[in-house]
Amino acid sequence: MEEDKVRGKAEASGWPARAWRLLSAIRSESPLIQCITNMVSMDLMANTLLSAGASPAMIHSADEIPDFTPHARALCVNVGTLSADWLPAMKLAAQFASQSAKPWVLDPVAAGASGFRLKACLELVELKPTVIRGNASEVIALSKASLGPTKGVDSSHESTDAVEAAKSLAQASGAIVAVSGAVDIVTDGERVVGAHNGVPMMQRITATGCSVTALIAAFVAVDPLHALEATVSALSIFGVAGEMGMNLAKGPASLRMHLIDSLYGLDDAVVHSRVTITSFS
C-alpha cells in the first residue's frame, strides 16, 4: 500500500513535465491535423489548434481525402452535424489514416440520440480509432451499443459514472477512451487516469469538447506510441488554459477569447504549477 502511494506521487510529479514536453513538440513541429467536423465547431476547433501551435486543415470532401489524408500527421473525426452525405468521407479518411499508420481520433457526438447516429458511430469505431473522446452519455451509448437518455450534445451522466463503460469500450475497440467531465477520465481498458483541470463555464461555450478532441489529435500526433499519456496531457493543458482564461473572463463570450489566448501563452512555469493528473488504477 505504501509503495503504491509513493509510486502514485512519483507518477503525478512527472505529468506536468510530460505535458509541457508534448506542447513544446507541437509548437516546434506544427503537425498538420485534418479535421472532419461539424459546422458549429469549425472556427473554435481551428483556432484551438492554431493557438497550440498545430496546423489545422478542415477538409471533408471525399474527393480530396486520397491525396490529402496520408500527408496529415493525425485525423480528427467529429460527427456533430452528421449527415448521410458526410459519413462516407469520414469512413474513407479513417481508412486512409489507418493505412498510412497515422493516428485518428473519434468524437461520437450525441451517439445515443438516434439510431442513424449510433449506427454511424459504431461503424466508425470498427475502423479502429486511436482515441475515442466523448462525454459520459456518449461513451455509455457506444459501450452498450444502445440508445440512451441524452440532452442533445450534453451529457446526462457524470464522467465518473462511465468508468466501467469506458474500460469496456477500450478493451473492445483497442482505442484509448477519454470521458470528459468535471474530472476527465482516460483509460486503455486497464489503467485509469484523471485530469482535474478546467472550469465549469467552459461547458457554456459551444464546441469546447469538439476543440479538445482536435487538441488530443495534435498531442497524439507528436507522440503516437503513448496515446494514453498524450490524451490526458491534452485534456489537462486545455483545462489549464480554461482556468487561466477564467481569471480574465466576465462570462462565456470573453472566456472563449481568453481561453484561446491562454492556450497560446502557456509557459513552462504555468504548466508545471497547474497541470493536475492522477492515476485511479
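Visitor: Fine. What is the mean pLDDT?
Guide: This is a predicted model, and the mean pLDDT of the protein is 92. Of its residues, 90% reach 70 or more.

Visitor: Where is the pLDDT below 50?
Guide: One such stretch is residues 1-8, which has zero contacts in the model beyond near neighbours in sequence. Residues 151-156 are also below 50, but that stretch has 13 contacts beyond near neighbours in sequence. Where pLDDT is low, the predicted coordinates should not be read in detail.

Visitor: OK, the sheet. How many strands form it, and in what order?
Guide: Nine strands, in the order β2-β1-β3-β4-β5-β6-β7-β8-β9. The sheet is open and its pairing is mixed.

Visitor: Which are the edge strands?
Guide: β2 (55-57) and β9 (277-279), each of which pairs on one side only. On average, neighbouring strands of the sheet are turned by 20 degrees against each other, direction ignored.

Visitor: Take β4. Which way do its residues point?
Guide: In β4 (residues 104-107), Trp104 and Leu106 point one way, and Val105 and Asp107 point the other way. In a regular strand the side chains alternate between the two faces of the sheet.

Visitor: Are those four buried or exposed?
Guide: All of them are buried.

Visitor: How many bridges join β3 to β4?
Guide: Four, and the two strands run parallel. Val105 in β4 is the bridge partner of Cys76.

Visitor: In which sense do β6 and β7 pair?
Guide: Antiparallel, over three bridges, between residues 176-180 of β6 and 184-187 of β7. Val179 stands opposite Ile185 in β7.

Visitor: New topic: where does Thr69 lie?
Guide: Thr69 is in the loop between α3 (65-68) and β3 (74-78).

Visitor: Why does Thr69 count as buried?
Guide: Because its relative accessibility is 2%, and buried means under 20%.

Visitor: What does Thr69 touch?
Guide: Leaving out residues up to four places away in sequence, Thr69 touches Gln34, Ala93, Phe96 and Ala97. With Gln34 there is a polar contact of 2.7 Å between the side chains.

Conventions. Residues numbered from 1 in each chain as written. Predicted model: local features only at pLDDT ≥ 70, side-chain atom pairs only at ≥ 80, totals over all residues. Heavy atoms only, no water. pLDDT = per-residue confidence, 0-100. Contact = heavy atoms within 4.5 Å. Pairing = 2+ DSSP bridges. Axes fitted to C-alpha atoms, helices over the stretch in contact; angles between N-to-C directions. Buried < 20%, exposed > 50% of the residue type's maximum accessible area, 1.4 Å probe, protein only. Polar contact = N/O pair within 3.5 Å; in protein donor to acceptor, adjacent residues only side chain to side chain.
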